Amino acid sequence: MLTSWIDIPKNSDFPIYNIPLGIAKNKGSKIFAATAIGDYVLNLSTLHNLGFFKDIPLPANIFDREYLNDFVALGKPIWHSVRNRIKELLQSSNAELRDNKHALTESLYKMSDVELLMPIKIGDYTDFYSSKEHATNVGSMFRDPKNALLPNWLHLPVAYHGRASSIIVSGQNFHRPKGQVTPPGSDVPTFSPSKSLDFELEMAFIIGKSTGLGQYIPTKEAENHIFGMTLFNDWSARDIQRWEYVPLGPFLAKNFASTTSPWIISLEALEPFRTKAPGQNPKVLPYLKHSRDDSAFDITLEVWLQPERGEAIKLCTSNYKYLYWTMEQQLAHHTVNGCNINVGDLMASGTISGPTPDSFGSLLELTWSGKNPIPLPNGEQRKFLEDGDTVILKGYCQNEKGRIGFGEARATVLPSL
Ligand code: CA
């Protein structure tokens with residue numbers, strides 16, 4: 001059991017076992033790479049300049065860059081060494097940083113005093129559709145409850161290529177999108193702000209190792225290509241989606257904004273929270289076979305709604321382990337045709353719904369397309385999101401070995417422009 005000389009509140013998302021990475025900015029200071037520990041942020045650029053990483057072969061200004069991409073490209077052994085060195089410096093028994101007043105003043109800040117920025121310059125963005133419960137719910141509502149899953153769904157992890165330019169970091173707000181919508185039963189569109197704006201509870205992983213064109217990643221290699229994971233809200237305009245999505249899938253209903261959490265959690269930190277992946281029937285083709293039984297991760301996920309006035313309400317509790325298709329299957333499928341991937345690409349899971357109605361990961365499902373509005377503590381109700389609503393995604397892992405968390409992915413819906 002490791003402890004730190006930094007006082008870490010019980011149930012903190014960021015104990016010494018987590019060591020997430022992000023990009024931050026202090027009032028008036030330059031941008032720097034950071035880790036989170038308890039309620040504090042540690043400036044890795046300052047530590048590097050003061051020689052705390054001298055035994056690791058790191059470029060001189062690697063933690064001064066606008067994004068983590070150049071650090072990520074250094075490779076897994078370097079991520080591992082940096083993570084271990086930070087853990088070592090933060091341990092109760094280690095005096096190197098603890099007793100160095102100058103270094104502490106220069107490198108340790110309260111998290112509330114720091115602005116957290118987009119951690120990665122995202123290259124390509126792919127959004128999967130890997131929750132069987134979500135795909136079944138949406139198929140029932142948009143098409144036919146008797147044939148909710150299309151014939152391909154149980155044989156391959158369905159996905160579409162999304163747009164990276166509009167992925168924003170937690171805390172950045174956005175305006176309600178406008179577009180073509182059709183009244184029920186009509187085939188003639190009108191142009192208006194979306195009246196059924198929704199969130200999607202997702203997680204994403206960041207690519208940490210590139211491949212060349214023509215190269216394929218087997219499931220057993222997949223995790224070597226993953227730098228870490230974040231929370232991800234794939235905001236969706238359901239009325240725009242309903243009209244535009246056939247035959248090529250979502251377009252303007254999804255690409256106006258997606259929100260990612262600022263801290264990237266490594267697979268090393270998630271290792272104690274591995275769990276069995278769901279059984280798959282029919283059997284998958286050999287290239288999609290799991291490399292191990294415990295290729296899923298047990299991550300509790302929550303969505304909270306904070307209306308403009310009154311108390312916040314928890315809308316759902318789900319879990320990453322419910323996903324039918326795992327990350328290694330997603331990556332194996334993505335590259336099986338020779339599609340190359342690059343450091344900084346982002347792969348999102350698709351909405352993560354569980355088996356019970358309180359675990360559904362979107363308002364579309366929670367209200368069953370607006371048929372069952374959700375009462376709020378302030379007396380209002382919600383079918384879909386209103387202007388001024390703030391949606392907050394949270395995630396954490398907890399077992400007898402301890403707890404680590406993801407922080408949050410938060411944004412407020414502003415009125416349409
Ligand atoms: Ca999605």
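Domain bounds here come from an automatic or database domain assignment. The model is predicted: local features need pLDDT of at least 70, side-chain atom pairs count only at pLDDT 80 or more, and totals for chains, interfaces and linings use all residues. Numbering starts from 1 along each chain as its sequence is written, and side-chain values use heavy atoms, without hydrogens and water.

**Exercise 1.** State the domains and the separation of their centres.

*Solution.*
- Take the bounds: domain 1 is 22-117 and domain 2 is 125-414.
- Take the centres over C-alpha atoms: they lie 30 Å apart.
- Count the residues in contact (heavy atoms within 4.5 Å): domain 1 gives 18 and domain 2 gives 15.

**Exercise 2.** Find the area buried between domain 1 and domain 2, and which residues of domain 1 lose the most.

*Solution.*
- Buried area is the accessible area (1.4 Å probe) that two parts lose on being put together, summed over both.
- The value is about 1,200 Å², with 66% from carbon and sulfur atoms.
- On the domain 1 side, Trp79, Arg83 and Leu116 lose the most, together 37% of what that side buries.

**Exercise 3.** Identify the salt bridge across the interface of domain 1 and domain 2.

*Solution.*
- Apply the rule: a side-chain nitrogen of Lys or Arg within 4 Å of a carboxyl oxygen of Asp or Glu.
- The rule finds one salt bridge across this interface.
- Arg83 and Glu268 meet through their side chains in a salt bridge, at 3.9 Å, N to O.
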